[in-house]
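My notes follow the structure.

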Amino acid sequence: MKGFGVIKPFEQVGWVDKEVPVLGPYDALLEPVAICPCTSDVHTAYDIPATPNRILGHEAVGRVIKVGSEVKDFKVGDVVAVPAVTPKWRSLDVQDSYHQHAGGLFQGMQLSSGEDGCMAECFKVNDIDMNVAKVPDGVALEAAVLVGDMVTTGFHGAELADIKFGDSVCVIGIGPVGLMAVAGSALRGAGKLFAVGSRPVCVELAKEYGATDVIDYKNGPIAEQVLKLNGGHQIDVVIIAGGGTGSIEEGFNMVRPGGTVVNIEVQSDPEGLLIPTFGSGFGCGHKKFIGGLCPGGRRRMGRLFDMILEGRIDPSKMITHKFYGLDACEDAFYLMRDKPKDLIKPIVYF
Ligand code: NDP
Ligand code: ZN
């Protein structure tokens with residue numbers, strides 16, 4: 001089985017040849033229908049200690065081609081959305097609330113991390129009855145492929161911040177993850193909604209998804225720009241989806257005492273995260289900080305599909321580049337790594 005993945009951690013990606021995965025009784029084998037590369041695939045390839053020959057890819061719509069003996073609700077031929085997080089739901093950690101970390105920190109992230117991902121001729125999804133959802137009629141493939149990572153991650157940023165009606169919010173970074181955080185914040189009732197980024201395609205879509213003001217981080221410190229636009233007042237919530245650890249510092253500098261800084265960006269700086277002394281009120285400013293991994297689960301996917309069907313969100317607008325066939329995963333990955341100005345998100349159709 002051919003797949004595109006990490007050859008040598010931190011250095012080299014390329015094509016690998018692996019055995020077709022062996023299924024457990026609750027698992028299924030899928031062939032990709034469409035996949036998207038993620039910025040996290042780029043982190044896995046170059047920034048974090050990955051397993052050599054690990055196949056990348058964790059955003060997919062797939063067609064079921066084989067099921068394990070105990071699978072109840074899915075059959076060969078079903079077309080399903082596969083979330084980035086596909087935990088082992090029988091792990092006791094699930095009872096501690098965070099299925100994303102069932103089995104240990106980050107262990108809910110199986111595809112492309114714990115096991116091979118979806119940039120392959122076929123891929124395994126564990127515990128399929130719990131993890132995937134059939135793509136309903138009326139949901140475009142380009143939207144369905146984004147629910148399991150971009151939508152659920154961006155929305156989780158708004159959830160972790162527990163945004164209240166009228167809250168002032170700043171989303172730092174408006175790639176596809178940040179754009180979904182903007183949309184999620186607007187849906188949760190944000191008042192002032194600042195969005196930080198520079199690529200014109202992203203800026204346009206941020207406004208369409210509900211940003212009230214767009215700030216270019218290249219024009220000076222973000223906190224200063226936000227405070228100026230907000231009458232000198234600090235804001236309620238900051239959601240970080242780009243800019244690295246410097247964005248955490250900016251977040252603390254602009255959030256009010258009692259406010260919340262949420263991080264959904266993968267922070268890979270080996271030096272650590274930057275919590276500023278003064279911005280945090282000498283560490284005593286009642287400013288909350290939380291980071292989270294995207295929720296998965298069949299119910300979550302179903303609920304996000306309902307939002308698409310009811311016209312509350314259209315993630316398909318983020319698809320800017322289209323590729324065809326397994327071999328094109330390589331070009332799509334490089335595009336995601338290099339981030340040309342006209343890119344938001346590429347899709348690969350199989
Ligand atoms: P992108 O690279 O497409 O977007 C990054 C954004 O950050 C862009 O808007 C970019 O601006 C902006 N940015 C860049 N530099 C700065 C800076 N110095 N200050 C402020 N903003 C800056 O990334 P994605 O949207 O694809 O992904 C975002 C992050 O989310 C990644 O780290 C990814 O790995 C992570 N992720 C996390 C998940 C989770 O579960 N927590 C799940 C999926 C992804 P510009 O317009 O100039 O490009
Ligand atoms: Zn991802």
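**Salt bridges and a surface patch**

I looked up Lys124 and found it buried, with a relative accessible area of 16%. I use buried for under 20% relative accessible area, exposed for over 50%, and partly exposed for what lies in between, with a 1.4 Å probe and protein chains only. The model is predicted, so local features need pLDDT of at least 70 and side-chain atom pairs pLDDT 80 or more, while totals for chains, interfaces and linings use all residues. Residues are numbered from 1 along each chain as its sequence is written, chains are lettered from A and ligands numbered from 1 in the order written, and side-chain values use heavy atoms, without hydrogens and water.

Next I checked the partner of Lys124. Lys124 forms a salt bridge with Glu115, and their closest N and O atoms are 3.2 Å apart. I count a salt bridge when a side-chain nitrogen of Lys or Arg lies within 4 Å of a carboxyl oxygen of Asp or Glu. Glu115 is partly exposed, at 22% relative accessible area.

I then asked how many salt bridges this rule gives. The count is 20. As background, I note that side chains of opposite charge can pair when their charged atoms come close.

I turned to Glu208 and Lys317, whose side chains meet in a salt bridge at 2.4 Å, N to O. This pair links distant parts of the chain, 109 residues apart: Glu208 sits in helix H5 (residues 200–208), and Lys317 in the loop between helix H8 (298–309) and strand E15 (319–324). Helices (H or I, at least four residues) and strands (E, at least two) are DSSP runs numbered from the N terminus. Glu208 is partly exposed at 48% relative accessible area, and Lys317 is partly exposed at 40%. I also noted one network, in which salt bridges with shared partners join Lys18, Arg54 and Asp116.

I looked up Glu31 and Arg63 as well, and their side chains form a salt bridge at 2.9 Å, N to O. Glu31 lies in strand E3 (residues 28–35) and Arg63 in strand E5 (residues 60–67), 32 residues apart. Both are partly exposed, Glu31 at 27% relative accessibility and Arg63 at 31%.

Leu273, Ile275 and Phe289 make a nonpolar surface patch of about 260 Å². Patch residues have over 30% relative accessible area and no salt bridge; like charges are joined within 9 Å, and nonpolar side chains (Val, Leu, Ile, Met, Phe, Trp, Tyr) within 5 Å. Accessible areas come from the Shrake-Rupley method with a 1.4 Å probe, and for residues only the protein chains shown count as cover. Ile275 is in the loop between strand E13 (255–263) and strand E14 (288–291), and is partly exposed at 48% relative accessibility.
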